[in-house]
Amino acid sequence: MCHDCSDPPLSSRRSFTRFLAAGAGLTVLTACTPEAPQAAAPSSAPPSTSPSPVAATASATTTAEAAAVPPAAPEAAPAPSPSAELPRQFSLTDPASPWLIVNKRRPLVPAAYAPADLVRPAVAMTASGEAALLNSTTAAAAEAMFAAAARDGVSMVLASGYRSYATQVATYNSYVAARGQADADTASARPGYSEHQTGWAFDIADGNGACGFQPCFADQPAAVWAKANGHRFGFVVRYPWMFHPITGYYYEPWHLRYIGVEAATNMASKGIFTLEEYFGVEAAPGYL
């Protein structure tokens with residue numbers, strides 16, 4: 001801003017006009033440039049070809065402003081996900097992949113997917129029928145984990161394993177009928193959105209039967225042991241405490257998910273608690 005823009009004497013204005021015509025250092029003076037006197041030229045005089053003070057000022061100002069604008073910075077590439085450092089990489093969308101991410105924003109494709117290698121693991125269980133099954137990779141890892149827990153004096157039980165699309169339809173609809181859809185969506189996956197349908201996940205219980213599928217299960221020996229040691233066998237607690245804005249579900253200390261020893265151990269060492277963060281996919285607090 002100019003703090004004194006009053007008209008200077010005539011001699012000063014003429015000097016200033018010559019200064020402008022020379023095209024030097026004009027930007028900061030633009031707002032204070034007085035208007036040139038309008039002297040009448042003889043009718044026989046040729047038109048002036050010298051640039052006017054206003055034109056010279058505008059040209060210099062434009063040049064100076066253009067030079068002052070820094071070039072646009074290139075867009076930064078997105079940071080790689082923590083899982084990208086592992087030497088082996090797996091699909092995040094193939095239902096047969098241990099790194100599959102299925103949540104409220106990422107449904108199974110196809111929706112009625114069924115694993116081709118379902119088996120019954122040799123572990124203690126209260127589950128029956130299809131719920132006693134897991135895919136063969138998860139079943140082998142579960143057998144190793146349950147045996148290790150038993151050696152440490154912890155009794156772990158398989159409470160619920162595979163759940164078909166048709167079973168999930170019935171399960172979800174029962175929640176909706178009893179509690180309404182909004183509340184059902186916080187506790188039960190919609191059909192085609194359940195990890196249980198993949199064979200990569202299952203629910204555990206404690207051998208003493210206490211607090212099954214309740215928040216207090218977090219303090220039972222089986223839950224405490226699984227949280228501390230599950231990564232050694234490729235498992236993570238899929239829906240950890242206070243991460244429901246990311247996973248879409250409240251704390252389920254009984255729900256374990258197989259992702260492989262390498263990835264589960266890497267997650268634990270980095271202090272990352274959700275698959276969404278570890279594999280670099282968007283949070284899924286609710287259905288779209």
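First, the ground rules. This is a predicted model: local features need pLDDT of at least 70, side-chain atom pairs count only at pLDDT 80 or more, and totals for chains, interfaces and linings use all residues. Numbering runs from 1 along each chain as its sequence is written, and side-chain values use heavy atoms, with hydrogens and water left out.

Let's start inside. A nonpolar core here is a set of buried Ala, Val, Leu, Ile, Met, Phe, Trp, Tyr and Cys residues joined through side-chain atoms within 4.5 Å. Buried means under 20% relative accessible area, exposed over 50%, partly exposed in between, with a 1.4 Å probe and protein chains only. The largest core has 31 residues. Met 145, Phe 146, Met 156, Phe 202, Ile 204 and Phe 235 touch the most other members. Which elements give two or more residues to this core? They are α3 (136–151), β3 (156–160), β4 (201–206), α6 (221–229), β5 (235–239) and β6 (252–258). Helices (H or I, at least four residues) and strands (E, at least two) are DSSP runs, numbered from the N terminus. α3 gives the most, with seven residues. Apart from this core lies another, of 13 residues, including Ile 101, Met 267, Ile 272 and Phe 279.

Now Phe 146. Leaving out residues up to four places away in sequence, Phe 146 touches Val 123, Ala 124, Met 156, Val 157, Leu 158, Phe 202 and Ile 204. Contact means heavy atoms within 4.5 Å. Phe 146 also forms one aromatic cluster with Trp 200, Phe 202, Phe 235 and Tyr 258.

Next, β5. Five of its five residues are buried. β5 pairs with β6 in the antiparallel sense, over four bridges; pairing takes at least two DSSP bridges between two strands. Val 236 has Arg 257 of β6 as its bridge partner.

On to the rings. The whole structure holds 13 aromatic pairs. Rings of Phe, Tyr and Trp (its six-membered ring) pair if their centres lie within 6.5 Å; planes under 30 degrees apart count as stacked, over 60 as edge-to-face, the rest as tilted. Phe 243 and Phe 273 have centres 5.5 Å apart and planes at 35°, so this pair is tilted. The two are 30 residues apart in the chain. Phe 243 is partly exposed at 21%, and Phe 273 is partly exposed at 47%.

What about Tyr 278 and Phe 279? Their centres are 4.9 Å apart and their planes at 70°, so that pair is edge-to-face. Tyr 278 is buried at 0%; Phe 279 is buried at 4%.
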